[in-house]
Amino acid sequence: MPTSTEREAACLQSCVTSHAAAPSPSSAPPLLPLNADLHCHSVVSDGTLTPEVLAARAKANGVELWALTDHDEISGQARARQAALALGLDYLTGVEISVTFAGVTVHIVGLGFDVDDTALKQGLDFTRGGREARAREMAAGLAAAGIPGSYEGALRYVGNPDLISRTHFARHLVDTGVCGDTSEVFRKYLVEGRPGFVPHRWAGLGDAVRWITGAGGVAVIAHPGRYKFTANEEYALFTEFIAHGGRGVEVVTGSHTAADFVKYADMAREFDLLASRGSDFHCPEESHVDLGRLPPLARGLTPVWDVLAHRVHRH
Ligand code: AMP
Ligand code: MN
Ligand code: MN
Ligand code: MN
């Protein structure tokens, strides 16, 4: 991958950019930001497309550096990498690990790790381990609320039997007419205080960060704008994450508002964290943001891919 200086030089030669500033003969053209999309899901977790179809969609949407980040699972990595490289798309290995922090589920994205690392693989096996029992408990809660058969129903949507998730229940409840869309299912049935919600203890924050960094990757706090933390809890998350060796935060991601882009850009600067960008694309019908269709990172941030050049699989 070119360095930012090389990109700048390349831009000076040939870039046409969409930046608003009108070119003037004396001013240098603005930088063309790299279209990196480092967060999305395939059928290996709770997405609906295969790694190969996602790679083609990323390429068609102009993505230049891509990572597939399935929940708690890296068995799609070889397929994603091969498909990307065959299409001329640079690839970083990826995963999104579920952790419990301050009683809340937090997601940590890992990028650029070695997929053969034993401790990482064992950690992910362990993290996936509780999902089936959790799903059966969720189904029991839903049955008690008058919705029978949801475990078997959700299983029909599962691409990887090790990775049954709330999303699969949500798709089943939409397709059987219980709710109009998946957000309604979550709101009514699958979040804390609702009949299909089961409190679950995932990995520890430090464990997930160590699995990623121990495998040569960089750990990134996923979509911080989605957690319902107080300012103090959020400060504790960032501080502890860094103390464990975490280095990045998603600033631009599908669920963030424009205000979140500004807030987490500021936090990235305050905590000296690398900034990441990823759509969190799951499904054409459900996801609001498609692969690669995100605003660029604000100037002045250090993109996480700047420190991962040596981990990029190049086409
Ligand atoms: P799980 O890992 O089984 O707890 O499922 C978490 C997944 O559910 C997330 O990765 C999202 O894909 C999805 N999800 C969580 N909250 C919502 C929501 N409010 N609406 C739609 N999907 C959601
Ligand atoms: Mn998901
Ligand atoms: Mn997530
Ligand atoms: Mn995700």
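Me: How are the donor residues of the manganese ion (ligand 4) spaced in sequence?

Reply: This model is predicted: local features need pLDDT of at least 70, side-chain atom pairs count only at pLDDT 80 or more, and totals for chains, interfaces and linings use all residues. Residues are numbered from 1 along each chain as its sequence is written, chains are lettered from A and ligands numbered from 1 in the order in which they are written, and side-chain values use heavy atoms, leaving out hydrogens and water. The protein donors are His39 (NE2), His41 (NE2), Glu96 (OE) and Asp280 (OD), 2.1 to 2.2 Å from the ion; donors are N, O and S atoms within 2.8 Å of the metal (3.2 Å for Na, K and Ca), and water is not among the atoms, so sites may look incomplete. Their spacing reads H-x1-H-x54-E-x183-D.

Me: How many residues apart are His41 and Glu96?

Reply: His41 sits in the loop between strand E1 (36-37) and helix H2 (51-60). Glu96 belongs to strand E4 (residues 94-101). Helices (H or I, at least four residues) and strands (E, at least two) are DSSP runs, numbered from the N terminus. The pair links distant parts of the chain, and the gap is 55 residues.

Me: Is Glu96 buried or exposed?

Reply: Buried means under 20% relative accessible area, exposed over 50%, and partly exposed in between (1.4 Å probe, protein chains only). Glu96 has 0% relative accessibility, so Glu96 counts as buried.

Me: How many residues apart are His71 and His282?

Reply: His71 is in the loop between strand E2 (65-66) and helix H3 (77-86), and His282 is in the segment after strand E9 (274-278). His71 is buried at 7% relative accessibility, and His282 is buried at 13%. The two histidines stand apart by 211 residues.

Me: With which side chain does the side chain of Glu234 make a polar contact?

Reply: Glu234 lies in helix H10 (residues 231-243). Its relative accessible area is 9%, so Glu234 is buried. Its contacts (heavy atoms within 4.5 Å), not counting residues up to four places away in sequence, are Pro224, Phe229, Lys263, Tyr264 and Met267. A polar contact is a pair of N or O atoms within 3.5 Å; within protein, one must be able to donate a hydrogen and the other to accept it, and residues adjacent in sequence count only if both atoms are side-chain atoms; here, at 2.5 Å, the partner is Tyr264.

Me: How far is Gly254 from Cys40 in space?

Reply: Gly254 is placed in the loop between strand E8 (248-253) and helix H11 (258-270). At 25% relative accessibility, Gly254 is partly exposed. Leaving out residues up to four places away in sequence, Gly254 touches Gly278, Ser279, Val289 and Leu294. Cys40 is 214 residues away in sequence, yet the C-alpha to C-alpha distance is 9.8 Å.
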